[in-house]
Amino acid sequence: MIPPPIQRGMIVLNRELFRHEVNVVGIRVPTSSTAKFLKVLNKELFNQPKLRNVVDDPGSNLSKIILMNLNVQSLDLDNVPNEMKDFINKEGLGVVRHLVELKYDYWGVDDILKAILPENSESPSSFTQVGHIAHMNLREEFLPWKFLIGQVILDKNPKIMTVVNKTDMIDSTYRFFQMELLAGKNNMIAEVKESNCRFRFDFSQVYWNSRLHTEHDRLVKMFQKGDYICDVFAGVGPFAIPAAKKGCIVYANDLNPVSYKYLQENISLNKVNSKIYPYNLDGYDFIKKAVQDLEKSLTVVVDKTTSSKSEDLVANQSPEFRTFNHFIMNLPATAIEFLDAFKGLYKDKESFIKNPRVDLPMIHCHCFSKSEFPETEIIKRINSTITYPMQADKFKVHFVRKVAPNKDMFCVSFRLSQEVAFAIESTKNKGDLDEVDTLSHQANFEKSNEQKLVSKRRKIE
């Protein structure tokens, strides 16, 4: 591709400075012979992206101009093979020069940015699209050009209306990143389609990460129709709403009142009002309240069923106590700390939990790790929090994504143990816990094929 004019030092985008004229050698040919000439000159044609090899002849309506390769500079056609030259002289109408005018619109984002930024710089053109919003995470070295970069992104992506950059400031309570508007409309209300669901939210006030789409789908695929799901840090519903559409009953919570507002809106938007119970509580309090509310709701159902004269209603309702099938804890920075809420969560309910249909729930806890041996480090942190040591082979550690060069996100899945759920007194002291945790992991933990690939990828990096 023909490169744009170099504009080092430009801070404010000036599109007019990217006008560029290219002098091209052309062959005037009869319009009726155009196809014949294109076949003969095939290897010597202009062949530039987004530009035509054949243009109108400004001097005649009866002829066209076929543009030659940029390596052909002389009107004498010095670089052209003799056979082609003889054909041109015999069948053509002459050799001319033709000016091809290129403008800012011709080049892509990378072309423009490479012409502006310091030589050998990487092009900071990557972004995550959230509805009409392009979400960038510019490195410090590119901040002097941030508004220019944002404008180029806006210009070159027709579906983008707003370009924002993530700042270093994080909301201390609700953990979402502050956004800086770089270009376009200051409209942060995004609408996104994911997993056959629609989501609407204020991107500047809630947490949303489109790169977690695969993880959302992975967990939801584990759920069965009729399962009871407890989503502790639900956000605007990327786990909860697809699960409800699948036929699950979901208790979904978020501490952020804005997330809670849009969670409610998205529940209605996707017509799953009868399947989701939304909460606006601290995660620790919600875990306990959700269990209590589920028990109360089943008690009400049993009372109604018992008093009803309808045999069909009696047959379709279960009077038995039940637990949630799954707890989702997608707050990777701190979710492990909330596992303490499960201690004694089902204390005094031991007699009700006897068979697989009402088994203790699976917990899916997301977390970060910077360790060289993340599985060992994560399991040790979990066992330290729940204080009842579990063997390492009871955990499934799934690699989710690389967050930073030395920081990965994982999801740890395990079944809530009886010791934790019923608060059974442990006979092991802290020293025993560390020994069981470390030795059992080293001896028994087998990495999945995916984790082996992750380890191999790290070695390469």
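1. Let me open with a charged group: E16, R19 and E101 are joined in a network of salt bridges. A salt bridge here means a side-chain nitrogen of Lys or Arg within 4 Å of a carboxyl oxygen of Asp or Glu. In general, side chains of opposite charge can pair when their charged atoms come close. The structure has 17 salt bridges, and a few of them are picked out below.

2. A word on what you are looking at. This is a predicted model, in which local features need pLDDT of at least 70 and side-chain atom pairs count only at pLDDT 80 or more, while totals for chains, interfaces and linings use all residues. Residues are numbered from 1 along each chain as its sequence is written, and side-chain values use heavy atoms, with hydrogens and water left out.

3. On confidence: pLDDT is the predictor's confidence in each residue, from 0 to 100. The chain averages 87, and 84% of the residues score at least 70. Where pLDDT is low, the predicted coordinates should not be read in detail.

4. Back to the salt bridges, with E122 and R139. Their side chains meet at 3.8 Å, N to O. This pair links distant parts of the chain, 17 residues apart: E122 is in the loop between α3 (109-116) and β5 (128-130), and R139 is in the loop between β6 (133-136) and α4 (146-156). Helices (H or I, at least four residues) and strands (E, at least two) are DSSP runs, numbered from the N terminus. How accessible are the two partners? E122 counts as exposed because its relative accessibility is 55%, whereas R139, at 40%, counts as partly exposed. The cut-offs are under 20% relative accessible area for buried and over 50% for exposed, with partly exposed in between (1.4 Å probe, protein chains only).

5. The salt bridge between E180 and K146 has an N to O distance of 2.9 Å. K146 is at 18% relative accessibility, so it counts as buried, while E180 is at 23% and counts as partly exposed.

6. For D340 and K343, the side chains meet in a salt bridge at 2.6 Å, N to O. D340 has 26% relative accessibility, so it counts as partly exposed; K343 is likewise partly exposed, at 26%.

7. Next, a look at M84, in helix α2 (residues 82-91). Is M84 buried or exposed? M84 is buried, because its relative accessible area is 12%. Leaving out residues up to four places away in sequence, M84 touches V40, L41 and E44. L41 is 43 residues from M84 in sequence, yet 6.9 Å from it in space, C-alpha to C-alpha.

8. A disulfide is a covalent bond between the sulfur atoms of two cysteines. With the rule set at a pair of cysteine sulfur atoms within 2.5 Å, the count is zero disulfides.

9. The aromatic side chains are worth a visit. The whole structure contains 14 aromatic pairs. Rings of Phe, Tyr and Trp (its six-membered ring) pair if their centres lie within 6.5 Å; planes under 30 degrees apart count as stacked, over 60 as edge-to-face and the rest as tilted. Y251 and Y279 are stacked, because their ring centres are 6.1 Å apart and their planes stand at 20°. Y251 in strand β12 (residues 249-253) and Y279 in strand β13 (residues 276-279) are distant parts of the chain, 28 residues apart. Y251 is buried at 3% relative accessible area, and Y279 is buried at 11%.

10. Finally, charges over rings. The rule asks for NZ of Lys or CZ of Arg within 6 Å of the ring centre and within 35 degrees of the ring normal. The charged end of K407 sits over the ring of F368, 4.3 Å from its centre. R15 lies over the face of Y104, 5.6 Å from the ring centre.

Conventions. Contact means heavy atoms within 4.5 Å.
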